[in-house]
Amino acid sequence: MPRPPHVPIVLALAVALLAPLLAAGPARAASERIEALIARMTLEEKAGQLNFETADWSQDRGLYMSEETEDRLRRGLVGGLFNIHARGVARRAQEIATRETRLGIPVMLGYDVIHGYDTVFPMPIGQAAAFDLERVERSERIAAIEAIGDGVNMTFSPMLDTSRDPRWGRTAEGAGESTWWATEIGRARVRGFQTADPRDPTGIAACPKHLGANGASKGGLDYTAMEISERELREVHLPPFRALVDTALCFMAAFNTYDSVPVAANPFILRRILREEWGSDAMVMSDFGALSELERHGVAETDADAAEAGIRGGLQMDMASTFYLAELPGLVRAGRVPAALLDEAVRAVLTLKERMGLLDAPFARFEASEGRTETSPAPHRAEAQDFAERSLVLLKNEGDVLPFARSVRSVAVIGPHADAKFEMLGSWFGRGVFSRPVSLAAGLADLLGPGVDLRIVPVAAFEGATGDETRAAVTAARGADAVILAIGEAAGMSGEAASRTDIDLPGRQMDLVRAVLAEGRPTAAVVFGGRPVAMEALAAEAPAILKVWFPGTMGGTAVARLLFGDVEPLARMPVSTPRSVGQIPVHHDRLPSGRPAIKWPDVYSSNYLDRPTTPLFPFGHGLTWTRFEFGEPAVDVRRLTDDAPVSVTVPVRNAGDRPGTAMVQLYLRSRFAPISRPVMMFRAFERIRLAPGEAGTVRFRVSADQIAWWQAGDRFAAAPGPIDVMTGPSAGEVRTVRIDYMP
Ligand code: GLC
């Protein structure tokens, strides 16, 4: 295929290799209505359908459509608007699109509904820690019902990037380090957003993101390259998207590159894998301005080159760059882009609109939310509180400091999060600022009542307390029956474009911790953060640590209730916690070494000189109010075949003096195989609630698909061989039984 002028050789080669696929249209034909529409559209109107513009916001006007956007909308040159989550403005936009344009094609009205809309649920990483798919789905159901009230009909969610580098701020938005768990969570989120029928007017169309390997960015930085093997791409990063091929109407392409080609113009991912192998005909949109970033990635010299690279690469909707609108009509007229490629993209956009019910009933979601008055109603807040309570991980509890007794007479709550309301919301908080978030101090006051001397000592800066603040903290802690250190990262220290080179507690927070601990009172550290904070010193010095992520609108109430034992800690870590940033990457499903670090220190083995290679807290870690004993796993048969799963039972006993819920985890390993396989892969969990002294058994089913690995194309399979079945309370504490896979 001759290289068109201006398109750099690397891109031309990629496209040439995949040329036969360029004509590969969607797996399913579009409806006659859509084909008839396309036949009537001008080149400008076609390019307009691919144009996804953002609304504007200003202090005096609030959310509004600029005059230019409204003019383009009226001329049929806008296919979708986002950040327009205001009912009146959104409705006006839809009225213009359907009643004042030549063809009356409705617009998508998108927004980042990431962990709630009015009512904010825990940050997604905290939701992942709850290990509760039902609550994940319910939280998105509630978010969708709240969002349609403001005219939203699409969300740029779920974010399913698997990350193993917690320097990356967007670790906060994902489901942690387990691809299997991200896959399960992705399915639950899409069900919650869309219901079983994406035309449901109480639902909003989901657009899972960021297709590619966004979590593998080099250095934990956003918008950069990825240098990973195709095996890692296929086994670690793509499965959550692969699992949604039959339910997702849309995917958002990752900002960064794969094999040196930005995913926004990468036919290997957007055509070979997504279309040819997976058979998906979901629409693919870019991330914000990603088309314009092709020039900065150095794969396009001009806006026209970028538009050509995108449409040829398989990108169908242009978020925020307007390059498609500006350049595609000319590129088609000049013969640089086949008209068929433009029609292919338009077909995908119109098919999405048809499948989400827009072409038939563009105002159905407005009608379904008519009369909504209350922001963040009580039932939604109750769900958010319940979910928040289940997201809190008890990392340490030396001497059973927690739960504090309800008989306390004085409580000190100290630190930058002591009385911070909006920090509870984390990043991507939707309209949560209007949801009356509950600070930790407010939650404690509500719980303990006026009879308890609640000493609140806020600290203004996350980087550390001033001398006066430290003195006030020590005074408040002196003689207190309970002391709570509310510390960790600020909400803005994670999320998009919020990577950190040091992932320990920010600044000099440990100075404040030590000053307060010196008072020798019963003290618990409550650690906020969107990533696994490498809290090595805190873990050594604080007797009790509760990891709360960013618990959302009802966070203060949830944390207070757990600290005083009204709820038990059910959550477990969905990520490994590094001892130090220097240890990254550290994750449970690492590949083996030829000289494993069996002990530390050691010589001539995969060890660091200055720290063990094991994480500070392993994946799956989380304590309860009691102690459990986890017995040896037992199997019903030793042979696993393709047709017959193996049943695994695990005895569990409550060896403590309080009732509690154990979460038994299952990990698998192909012990010997033609390729080196991870030392363990998280594949299932079961909970069991036991009274003091009570024993019980949990059961798992192991099947061959759980150990399959990428072979070629879209094919996964395992090879015959021994399989280690590991069970226990975390990736750092498992017992093993061996079975044999013989297909
Ligand atoms: C941002 C994010 C993406 C988000 C989009 C629209 O840059 O990368 O996740 O959905 O822009 O806000």
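Colleague: Which residue in β12 is the bridge partner of Met-252?

Modeller: A word on the ground rules first: this is a predicted model, where local features need pLDDT of at least 70, side-chain atom pairs count only at pLDDT 80 or more, and totals for chains, interfaces and linings use all residues. Residues are numbered from 1 along each chain as its sequence is written, and side-chain values use heavy atoms, leaving out hydrogens and water. Strand β9 is joined to β12 (residues 283–285) by three bridges, the two running parallel; strands pair if DSSP finds at least two bridges between them. In β12, the partner of Met-252 is Met-285.

Colleague: And which residue in β9 is the bridge partner of Leu-211?

Modeller: Here we turn to strand β8 (residues 209–211), which runs parallel to β9 and is joined to it by two bridges. In β9, Leu-211 has as its bridge partner Ala-253.

Colleague: Are the residues on the two faces of β9 buried or exposed?

Modeller: In a regular strand, side chains alternate between the two faces of the sheet. In β9 (residues 250–253), Cys-250 and Met-252 lie on one side, while Phe-251 and Ala-253 lie on the other. Buried means under 20% relative accessible area, exposed over 50% and partly exposed in between, with a 1.4 Å probe and protein chains only. Both faces of β9 are covered, as these four residues are all buried.

Colleague: Which are the edge strands of the five-stranded open sheet?

Modeller: The order in this mixed sheet is β22-β30-β29-β24-β25. An edge strand here pairs on one side only, and that picks out β22 (639–640) and β25 (681–690).

Colleague: Which residue in β30 is the bridge partner of Pro-722?

Modeller: Strands β29 (residues 721–730) and β30 (residues 733–741) pair in the antiparallel sense over eight bridges. Within β30, Pro-722 is partnered by Asp-740.

Colleague: Stepping back, how many helices and strands does the chain have, and why is it called as compact as a globular protein of its length?

Modeller: Counting DSSP runs from the N terminus (H or I of at least four residues for helices, E of at least two for strands), the chain has 23 helices and 30 strands. It is as compact as a globular protein of that length because its radius of gyration is close to the 27 Å that the globule rule gives for 743 residues. That radius is taken over C-alpha atoms, and the rule is 2.2 Å times the number of residues to the power 0.38. For the chain, the radius of gyration is 27 Å.

Colleague: What share of the residues in the chain is buried?

Modeller: The C-alpha trace spans about 80 × 65 × 40 Å along its principal axes. Of the 743 residues in the chain, the buried share is 64%.
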